[in-house]
Amino acid sequence: MGSLKQGEKGKMGGDRWIRRLAALAVVGGAAFALSLPALSTAAKGKPVQKTQGDGREACYGCHDEVKALKEGSKHAGLACSVCHDNLRKHMESSGDLKPLTKIDAALCGKCHQDEYSSFFRVDYEAQARKEKGVPTGRSPMMDKLLAPYGFTFEHNEPRGHAFMVTDQFVVDRFAGGRFQYKKGWWGVDATGKTWDILEDKGADYHMAETAKAGNPTCIQCKTSDHILKWKFMGEKDRKAQWDRTSDAMAVAKDTNNPMGCIHCHDPHGAQPRIVRDALIKGVAMDGSTMFAGKDGKTDLQAIDFRGFRKIGVMKKADSRLMCAQCHVEYACGKGFEFDSGKGVGFDDPRTNHFPLTGPKDILAHYKKLNFFDFKHAVTGARLVKLQHPEAETYAGSVHDRAGVGCADCHMPILKNRQGKAFKSHMVIKPKNHVKETCLRCHPDSTVEKKLYQLDAVQNYIKGKMRKSEYWLGQLIDTYALAKRLGVDEATLARAREKHEEAHVLWEWWTAENSDGFHNPGVARESLAASIAASKEGVALLNKAMDEKAKKQ
Amino acid sequence: MGSLKQGEKGKMGGDRWIRRLAALAVVGGAAFALSLPALSTAAKGKPVQKTQGDGREACYGCHDEVKALKEGSKHAGLACSVCHDNLRKHMESSGDLKPLTKIDAALCGKCHQDEYSSFFRVDYEAQARKEKGVPTGRSPMMDKLLAPYGFTFEHNEPRGHAFMVTDQFVVDRFAGGRFQYKKGWWGVDATGKTWDILEDKGADYHMAETAKAGNPTCIQCKTSDHILKWKFMGEKDRKAQWDRTSDAMAVAKDTNNPMGCIHCHDPHGAQPRIVRDALIKGVAMDGSTMFAGKDGKTDLQAIDFRGFRKIGVMKKADSRLMCAQCHVEYACGKGFEFDSGKGVGFDDPRTNHFPLTGPKDILAHYKKLNFFDFKHAVTGARLVKLQHPEAETYAGSVHDRAGVGCADCHMPILKNRQGKAFKSHMVIKPKNHVKETCLRCHPDSTVEKKLYQLDAVQNYIKGKMRKSEYWLGQLIDTYALAKRLGVDEATLARAREKHEEAHVLWEWWTAENSDGFHNPGVARESLAASIAASKEGVALLNKAMDEKAKKQ
Amino acid sequence: MGSLKQGEKGKMGGDRWIRRLAALAVVGGAAFALSLPALSTAAKGKPVQKTQGDGREACYGCHDEVKALKEGSKHAGLACSVCHDNLRKHMESSGDLKPLTKIDAALCGKCHQDEYSSFFRVDYEAQARKEKGVPTGRSPMMDKLLAPYGFTFEHNEPRGHAFMVTDQFVVDRFAGGRFQYKKGWWGVDATGKTWDILEDKGADYHMAETAKAGNPTCIQCKTSDHILKWKFMGEKDRKAQWDRTSDAMAVAKDTNNPMGCIHCHDPHGAQPRIVRDALIKGVAMDGSTMFAGKDGKTDLQAIDFRGFRKIGVMKKADSRLMCAQCHVEYACGKGFEFDSGKGVGFDDPRTNHFPLTGPKDILAHYKKLNFFDFKHAVTGARLVKLQHPEAETYAGSVHDRAGVGCADCHMPILKNRQGKAFKSHMVIKPKNHVKETCLRCHPDSTVEKKLYQLDAVQNYIKGKMRKSEYWLGQLIDTYALAKRLGVDEATLARAREKHEEAHVLWEWWTAENSDGFHNPGVARESLAASIAASKEGVALLNKAMDEKAKKQ
C-alpha cells in the first residue's frame, strides 16, 4: 500500500499542463508571482550532482513542472525511477498506463536515515495513552462541560506523530470500538503500518459507551496516504477516490501510514511545503496573515494541480506553517447552523474549514460562518468543540515575535550514534530537552531555571482553567435548577448565550496542548473572560429565581 | 502470645482420628481421593535426613495424619519438639494436658531467613498510609458515592502484608479510634507484634468521625493467630474461643501477628495449602472452577479436622489460590436482605461468604443470596461495598490464561546479600521491579516499554472510573432533586435500581487494587455498563421531571 | 532606596530619651525588668574588638540605648558610620539634620555572606508559582468554599522569603493586575529590588477577574523597609509616613525589599529580636503564653521607642517567635462586625490583630472580637479567611514540646563551598533536606523512612481536608436548594451558624503550610469537627425540606 497509481495527470498534455500551472500559480489574495526556478532548493556549498543518462529528459518532455522543482534542487541527483515504477509502460502507453508513485516514508528514509528513524521513535518520556478527563488531566470536568459530545467517551493527551493514525482509530469516540490493537494493550507503543498494528473487528462490532464520530476530513490531518485521492477541500470528483462524504470507515481502512515526509517536503525538489487543503485556502486564498513575516507577507506560493489539488511551497522552511496543517482549530465534523438550528452535513464545505483566528474572536467567526458542533446536554447552549489550536495560540506570542518557530522547540538538533547532528523528527516536549531547546537561545540560563519558569506559567494557567471549569459547572447547575423552577425562557436564552461565550473561551485551552505556555497572556485573558461570562450567567439566573420567589 | 495450647485434638483417640480423617478427606463437590503419602513434599534431589531417636515415633502412635504429612516431606528432618513444647507432660497425661504449639513466623524464619525477613521488610517504594478519597486516589468521589458507609471515614490504598493487622486496627472505621500507634505517627512503618506497636485507649475512647465496623470474620483474613480457635466458617462451638458473633475488639486484642507462614504452607510437611474457610467452602464444597487448570480441575484437597477446621492442600503451589484467601470480594459485616430489608446479623452465615464471581454477575449473586451492605444516604439504593476482588478479576485474563500466577509478578525471585536467590515474601508492585517480573517472560522488552504499556492500561481504566463516578454523582444529584420536586415513587424506585446496578459495576474497580491492569477487558466492560446504567437512571428521572412540569 | 532618614529621635534630648526608655521598657502584662546590659550578645570565647577612636563616644553622648545594645555585643567592633551616613551633619546641626540609616540587607551581607546569599538563593526544588485551587493543590474546592472572597482570584502555594514582596504584589488579588513582571514570566524567579523586577502599569490598569485587596498592614509582614515609617500597630501619627489607612498602592511602591535581616536581628547589637507590632502586643502586652518555655515565661523584652515603635528582644534566639511575626493567623483587611453586620475599616485597630490561638478557639475569639472577613456568596454565613497560622498550629506539638524550633527544620546548618558551616537563610522544605534536619535528632532513622512517615501524616490529613471540603460543599448546595424551596429563615440561620463553625475548622488547614505535619493531632481533631458541623447543617436542612414536603 506504499505506492499509488498516479493517474490524473496524464489526462493533460505537457504544454497544456504548463499553461495551466502558470495560470493557477498565484492563487487568491496572496499575490506571489510564481517563478518556477525559484522553487529549487540548491544545496548551499554542495555541488549538485550531474544527472545525465538516467532517462529523466524523456519525463521532462511532458512534465515541465517536475523539472522546475527538481533541477538544481537537493533532489536533482535522483532518477525519476527512484520514486516511480512502471515508467517504461507509462511512456509506451503514451501516459494511459499510470506509473506507480512510492509515497512511503521508508523510501525517503534510505537517505534521510536519522530523520526517518527519529520520526518513528517512541518518546517514552511522554505520557502513554491518557484520558484528559481525570483530576490531573487537562480537562477534569470534561464529562459535565462537554456532555453529550463524542469527546466525552474518550479524549486523550496527545502522543507522538508515529501514533497519529492508530491513536485516532482506536479512540473510543472514532469507530465504536471497531478498531482494536491486534496484540491487545501491548500494541499501544507499536509503530509502523496501521493494519499491522490494528485489526478491524467488523462493521457490526460495537462497544458500549463509544461513538462513531470519525470522518474523512479529520483523517486528512493524520496521514499523507490520500494525497492523490482527495480533491482540494474534499470536494466530490470522479477522479477522487475519497471525499468529505465518503464512508469514514472505508477511508480509515485505506489508511496505512501516519503523516509522511511529503506532508512538509516536496518529493521532487525537497522544497518545504504544505499540502493540507484548508490551510492553503485560509492563507493563500482567504488571506490570513497569521503566519506573515515582519514584512506583512507570508512566504507561501500556492500551486494548483489541474484544478484537483493544491500545494503550498515556501522559499524557506517555516515550521509554523508546516505544523499549522494540523495544529489548528478546524471544523471537520457534522454540525448545526446557529440561526436556523438545522443540520450541516458533510456535503457542506463548512465541514472542512480552518478559522485561523484566536480565542477572543472564534465565537464570532463561527457565528458568522453559521456553524456550531453540538448542543449542551443540560442547557442546550450551542457549543463549539475546539481541536488543537496551537498555531493560532502561538501567533503573536513573545516567542513568535522573536522569530522562534515550532521546530526550534519541538524538533531540536540532536546527535546520532555517530555524533552527527540531525533535526529530530520525533517531536519532543521541550521540558524533556531543555538544553537542546530553551538554552540554545538562553545560554545564560539553566535547566532547573527554565523548568521552574515553565512550571510557573503552566501552573498559573492551569489555575485559571480550573476556575473557568468551576464557573461553567455552576452555570450549568444553576441553569438546570432555574429551568426546573420555571424561570422564563427569555432569561434562560440569555443564560445560554453566556454559556456559549464562556464555553469557547475556556474550551480552547483544554484543546490547545501547552497549558498556556505558547501564549500565557492570551490564555489569561481568554480564561478570565470565560469566568466573567459564566458569573454573569449565574447572576442573571439567580436574580430571576429570587424575583420569582418574591412573587410567589 | 506466639504459642497456643493445642487442645481439641486429644479428645479423639488415634484410630478414631484416622478414620475420621479418611472419611472427611474428600469434601463436597471436588472429588479428589486423599492419598496421604501424596501430601509429602520430598525435596527434589535433596536426600531426606534420617530422623531417628528424636521421639517422633511416640507422637506418631496417636498422630498418623501428622506422620502422613511429615515423613518424606521437606520438614521430615525436624523433631516434633521443634514446634511443640510440653510434649512430655502431654504424653504423661495421656493427652489431657495439651502441648504448646508455636505458630510464630519467627520460628519458621530460623531456617527460611530470607523469606521471613523479606516478609517484614517495609516497601518504602510503595505509598505510605494514603486515603483513597482524594483527587489523585482511586476513589476521588468516595464520600459522595459511599455515604454513609463506614469506609467514608477512612479508606486507604493497600500497604504490605507486614502492616495488615496494624493498618486494619488503626483505620478510622474499625474501632472508633480506640487503637492508636504507641509512638504516634512514627509507628506507621513499625513492623512486628501488634501490641508492641499499638496501644488500646480503652473501650470508652471515641474519636469524632470514626466508625466501629470491625468484626471477627474480617480479622481472619489478616492473621493466622486464630487458626486453632476458630471453627470452620466461624460457627459457634464450645471448643472455639472466637466465632462470628464474638466481640470484635476482644478478638482484635488477641491478635498479635499478621498472617504467618502457616496461612499458605503446612507446617508439618511444608505442603502448599490454604486455610481461609470461605475459600475452601467456595472451591471444594460449592464447586467454583475459578482456579481450575486447563483440565477443568482445581488442584485442591480439602481435609476436615474433626469437624472443626478444614485445610486445603495442593500438590503444587498455586499462588492464585493462596492469595485468594484474602484477595477476593467477600461479605464479612452485618447487612440487610434485598427482599425484606431486614437486618442480617453475625449469627447468619452470609456474614462469612465468598461469592467467587466477577463484576458482571456480582449483583445477581448477592440478590440471590439476598444480602446487601448498606443503603445510600441520598437515594436509599441497596448497595454492596466490595472488598479487594483481585482473584476474581484476574481469573480468565490474558496473563491467567498464559499460566502466570500472582506470585510471579508480586513475589519475584530476588537475591540476598550473599547472592543467593530466594522468593521475595515482601509483596511488591511489579512497576518497581520490572526486570524481575515482566522481563522474565518478555525478555525482548525493556523496562521503559513495560512501564509505558502499564501506564497506558491504567490511565485508560482510570479514565473510565472517573466517568463512572461522574455519572453516579449525576444520578444521585438528579434523584435528590426529583424527590424534592415530588416525582412519583415508582420512578424513584426504577432510578434506585439503576443506582444499584451502576454502583457495583463501578465500585468493584475502586476496591480492586490494579487500576484495571489485572484484566483491562473486564474492567472496561464493567465500567462502561456502570456509566450506561447511571445515564439511564438520570434520563428516566429527567423525563419524569419534564412531564411533571408540563402537567403543572 | 536602601537607606532612610532617621528623623523622629532627634526630637527628644538624650536624658529625656533614656528616662522614657526606662519608663517604657517593661510593657503590659509581661513583667520583665529591663536591664540594658543584658541586651548585649557578647560573642562566646571570642574577644570583643577594641573600639576606640571611631567617634562612637560622641554618638553615645545622646544615644545611651544604642550603647547598651552595642557595647559588649557581637557588633561592638563596628563604627556607627558603618550603618549611618551624614553623622557629621547630624551632629553639627544638633540632631536637626537626620543621619541616613542603611537598612539594606546587602550591608549585613558584607560580613554575613553565607546567610545573606542563602536568603536570596532560589529554591528550585520547591514549587514555582502555583495555584492552590487545583485538584492536587491544598484547596481544590476553594472557588466554591471561599466565594466571593478575593483569594478566589489567585491563591498560591508559598515560595521562599526572597519572593515575599514580589509574589504579593503580582498576585491577582492584590492590585488588580497593576503590578507585573517587567520581563514577563521570566521574572518569576528573579530576586532583588522590587522595582527592578516589577513594573507599575498605572492606577488605571485593571485586569479582568482580579481584586485590589492589598492593604498597608499586610505589607508589614513582607518587608522591613517601613520600620521607621510605621507607628506601633499602624496608628496614624504625624511622624509616621504610613499607617493602616494609607493608600496600599503607595505603600507598595515605597517597598523595595523583602523582609531584611533587621526583622529578626537587632542591628546595633545582633540581639535576636522581633519587630512585628501585633506579635509584640499579643505576647508582651496581651500576655499570650503560646511561646513560653517550661517555666511558663516567654523570653521577650519589649522595648518602646518614644511611644512610636516597639521592638522585642530575646536573650536567646527563639525562632518560634521570630517566625511568628508573619507565620500566624492575623486580621489585616477590612471586615464586618458579627453582631451588627456593619463594616470595620482600616481606622479600626481590629484590622491589625494577631489572635494567637488555635483552630478550636479561633471562631470564639473572632466572635468576641466582633470581626469577620466576608459573607459567603451562597449561604451568607459570616466567614473568617485564615492567613498562615504555622506558629499557633505548631505550639504544643510533639516537636514543640521536645524543644525543636522552626529554624531547626527550616533553616538547617549547611556548608558553603569552602566547607564552612552556616545557618541557611534560604528557608527549606525539610523533605528536601532530611539529613540536615530530621536525622540530626533521629540519627538512627533513614531518609526513606522519614519521607515515608512524613507522607503518611500528610496523606492522612489531606484525606480529612478533602472530606471537610466535600461536606462544606454539600452544606452550601443543600442550603441553596433549601432556600429556593422556601425553608424558613430560622432553620437557614441555624445552617449558617453550622457553616461558620465548619468553615473555620477547615480553612485553617488550607492556610497552614504543613498539610498537618506541624501538629497532626490538632489537625485531625479540627477537621473532624468541621465535618461533623457540616453534616449537622446538612441534616437540619434536609429535615426541614422533608417536613415542608409533608405539609404540602
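**View 1. Pro135(B) and the rotation axis.** Of the residues of chain B, Pro135(B) has the C-alpha that comes closest to the rotation axis, at 3.4 Å. Keep in mind for this and every other view that we're looking at a predicted model. Turn chain B by 120°, with a shift of 0.0 Å along the axis, and it lies on chain A with an RMSD of 0.1 Å.

**View 2. Chain C laid on chain B.** Here a 120° rotation with 0.0 Å of shift along its axis puts chain C on chain B, at an RMSD of 0.1 Å. That's how a three-fold axis relates its copies. In chain C, the C-alpha nearest the axis belongs to Pro135(C), 3.4 Å away from it.

**View 3. Copies that meet through different surfaces.** Just 13% of the contact residues of chain C turn up again in chain B, so the copies use different surfaces. Likewise, only 13% of the interface residues of chain B are also interface residues in chain A, so here too the copies meet through different surfaces.

**View 4. The contact between chain C and chain B.** Chain C puts 31 residues into this contact and chain B puts in 33. About 2700 Å² gets buried between the two chains, with carbon and sulfur atoms giving 63% of that area. Which residues of chain C lose the most area to chain B? They are Tyr452(C), Tyr460(C) and Lys467(C), together accounting for 26% of what the chain C side buries.

**View 5. Lys467(C) and its partner across the interface.** Besides being one of the residues of chain C that lose the most area to chain B, Lys467(C) forms a salt bridge with Asp143(B) through their side chains, at 3.0 Å from N to O. Zoom out to the whole interface of chain C and chain B and there are 7 salt bridges. As for polar contacts, 14 residue pairs make them across this interface, counting pairs with both residues at pLDDT 80 or more.

**View 6. Helices on the chain C side.** Helix H19 (447-484) and helix H21 (520-551) of chain C each bring at least two residues to the side that touches chain B. H19(C) has the largest share, with 16 residues. Sort the residues of this side by type and you get 15 nonpolar, 10 charged and 6 polar.

Notes. Residues are numbered from 1 along each chain as its sequence is written. Chains are lettered from A and ligands numbered from 1 in the order in which they are written. This is a predicted model: local features need pLDDT of at least 70, side-chain atom pairs count only at pLDDT 80 or more; totals for chains, interfaces and linings use all residues. Side-chain values use heavy atoms; hydrogens and water are left out. Copies are superposed by least squares on the C-alpha atoms of residues with pLDDT of at least 70 in both. Contact means heavy atoms within 4.5 Å. Buried area is the accessible area (1.4 Å probe) that two parts lose on being put together, summed over both. A salt bridge is a side-chain nitrogen of Lys or Arg within 4 Å of a carboxyl oxygen of Asp or Glu. A polar contact is a pair of N or O atoms within 3.5 Å; within protein, one must be able to donate a hydrogen and the other to accept it, and residues adjacent in sequence count only if both atoms are side-chain atoms. Helices (H or I, at least four residues) and strands (E, at least two) are DSSP runs, numbered from the N terminus. Ala, Val, Leu, Ile, Met, Phe, Trp, Tyr, Cys and Pro count as nonpolar, Asp, Glu, Lys and Arg as charged, and the others, Gly among them, as polar.
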